[in-house]
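Here is a short briefing to read alongside the model. Please keep the sequence and the 3D view open as you go.

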Amino acid sequence: MSSEPFVIGGQAIALGETAKIDLVMPPLYTATNMSIPVYVKRGKRPGPVMFVSAAIHGDELNGIEIVGRLIRSSTIQRLRGTLIAVPMVNVYGVLNQSRYLPDRRDLNRSFPGSKKGSLAGRLANLFFKEVVSKCDVGIDLHTGAIHRSNLPQIRADLDDPEVLEMAKAFGVPVLLNAEIREGSLRETASEAGVKILLYEAGQALRYDEFSIRAGFRGIINTMRHLGMLNKSRSKGHSIERFIARQSGWVRAPESGFVTHLAQLGDHVNKGDKLANIADPFGTYLTSLISPAEGVVIGKQNIPLTQEGEAVYHIAYFSQPDSVAEHVELLQDNLLPSEQNVVE
């Protein structure tokens, strides 16, 4: 980080300064002005430049609360380097409680975008040029889709040694070596040399306290790892990290009404019954069976399914029973009261 003013949206922020900036977006057809809210905090001492972004999908709300807690936290007052926190990238989607933009495009398939492209392309270009391209590292916050929950997990290119160390520092048990999708923020950031983690936890349109606490603590842990914050002196229960190289969805063999037996974080063996499916009269039709040993990292919540629909997401580890134990330990650390639930 240089001592030169840091410029975003035409506004210069000097060392030791904090600013709230509006990145101007195309207005609504009602002539209502629109902008991406951006919080920038620069430390007085040099260090990495890091962005934290939420709501690239407008119905994924957990990240908004995580960013809010990060901005309010007294922990970042002695920051080294620069923090750029963006609580809502897809403001249009948040207003409409929708994953997508008004042009029906997925923003996270529209990077790097273009100034003269579609609405999604223009927004992707704005966010990448003004925020992401000016950073060394980033954490992008996501949840499961509508009616689906994800166990707190980090998805990243774990073959990159620096990214792997960041992922371990974040502090959740499940690390998924996920392939990069074309047009995603992660693809464009990686090509620009920005080291990035994707945090997945909870479900769309809902706050989940466990997911929020794990995300907030994970960002702080990562900033400490990068030297942006002082190391913590507190000694909690040690959480092991486990890398999954593969994962897969278990799909419904028939349409019907679902009774879930397996839950997020459960260790399942090959052949275990995950759920039962019945017809409207309550007659048992079939069961969902685990195809292999692993840990449930995602599941459908709504008790209705169509034949072929993805119902459970299972990650495959060399020690899945240990992963499940450390998921429980993380819950105990973050939710020590009777709130010890994932969904």
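Asp106 and Arg99 form a salt bridge (a side-chain nitrogen of Lys or Arg within 4 Å of a carboxyl oxygen of Asp or Glu), and their closest N and O atoms are 3.8 Å apart. At 14% relative accessibility, Asp106 counts as buried (under 20% relative accessible area; exposed is over 50% and partly exposed lies in between, with a 1.4 Å probe and protein chains only). This is a predicted model, in which local features need pLDDT of at least 70 and side-chain atom pairs count only at pLDDT 80 or more, while totals for chains, interfaces and linings use all residues. Residues are numbered from 1 along each chain as its sequence is written, and side-chain values use heavy atoms, with hydrogens and water left out.

**Salt bridges**

- By the rule above, the count comes to 12 salt bridges.
- Glu65, Arg69, Arg72, Glu209 and Arg213 are linked in a network of salt bridges.
- Glu65 is buried at 16% relative accessibility, whereas Arg69 is partly exposed, with a relative accessible area of 23%.
- The side chains of Glu209 and Arg213 also form a salt bridge, at 2.8 Å from N to O.
- Glu209 and Arg213 are separated by about one helical turn, because they sit four residues apart in helix H6.
- Both partners are partly exposed: Glu209 has 23% relative accessibility and Arg213 has 27%.
- An α-helix has 3.6 residues a turn, so residues three or four places apart point the same way.

- Helix H1 (residues 62-72) is largely enclosed by the rest of the structure, because eight of its 11 residues are buried.
- The buried residues of H1 are Asn62, Gly63, Ile64, Glu65, Ile66, Val67, Gly68 and Leu70.
- These buried residues pack against strand S5 (45-53), strand S6 (80-86), helix H2 (91-96), S7, S10 and helix H6 (209-225); contact here means heavy atoms within 4.5 Å.

**Lys41, a buried charge**

- Lys41 belongs to strand S4 (residues 34-42).
- Lys41 is buried yet has no salt bridge, and the nearest side chain of opposite charge, Glu17, is 11 Å away (Lys and Arg count as positive, Asp and Glu as negative; His and the chain ends are not counted).
- The side chains of Lys41 and Thr18 are joined by a polar contact of 3.4 Å (a pair of N or O atoms within 3.5 Å; within protein, one must be able to donate a hydrogen and the other to accept it, and residues adjacent in sequence count only if both atoms are side-chain atoms).
- Leaving aside residues up to four places away in sequence, Lys41 touches Glu17, Thr18, Ile76, Gln77, Leu79, Gly81, Thr82 and Leu83.

**Strand S10 and its partners**

- Strand S10 (residues 195-203) is mostly covered, with eight of its nine residues buried.
- Strand S7 (residues 137-142) pairs with S10 in the parallel sense over six bridges (two strands pair if DSSP finds at least two bridges between them).
- Along that pairing, Asp140 stands opposite Leu198 in S10.
- Strand S8 (residues 148-156) runs antiparallel to S10, joined by five bridges.
- Gln153 has Glu200 in S10 as its bridge partner.
- Leu151 is found in strand S8 and is buried, at 1% relative accessibility.
- The C-alpha atoms of Leu151 and Tyr92 are separated by 27 Å, with the two lying 59 residues apart along the chain.

**A four-stranded open sheet**

- Four strands form an open sheet in the order S16-S15-S13-S18, with antiparallel pairing.
- Strand S16 (284-289) and strand S18 (304-305) stand at the edges with a single partner strand each, so one side of each is left without a neighbour in the sheet.
- Strand S13 (residues 256-260) pairs with S18 in the antiparallel sense over two bridges, and Gly256 has Thr305 in S18 as its bridge partner.

**Annotated domain**

- UniProt, in an unreviewed entry, places the feature "domain: Succinylglutamate desuccinylase/Aspartoacylase catalytic" at residues 46-226; positions follow the numbering used here, feature names are shortened, and annotations may be inferred rather than shown by experiment.
- In the model, residues 46-226 are 35% helix and 24% strand, and the end C-alpha atoms of the span lie 12 Å apart.
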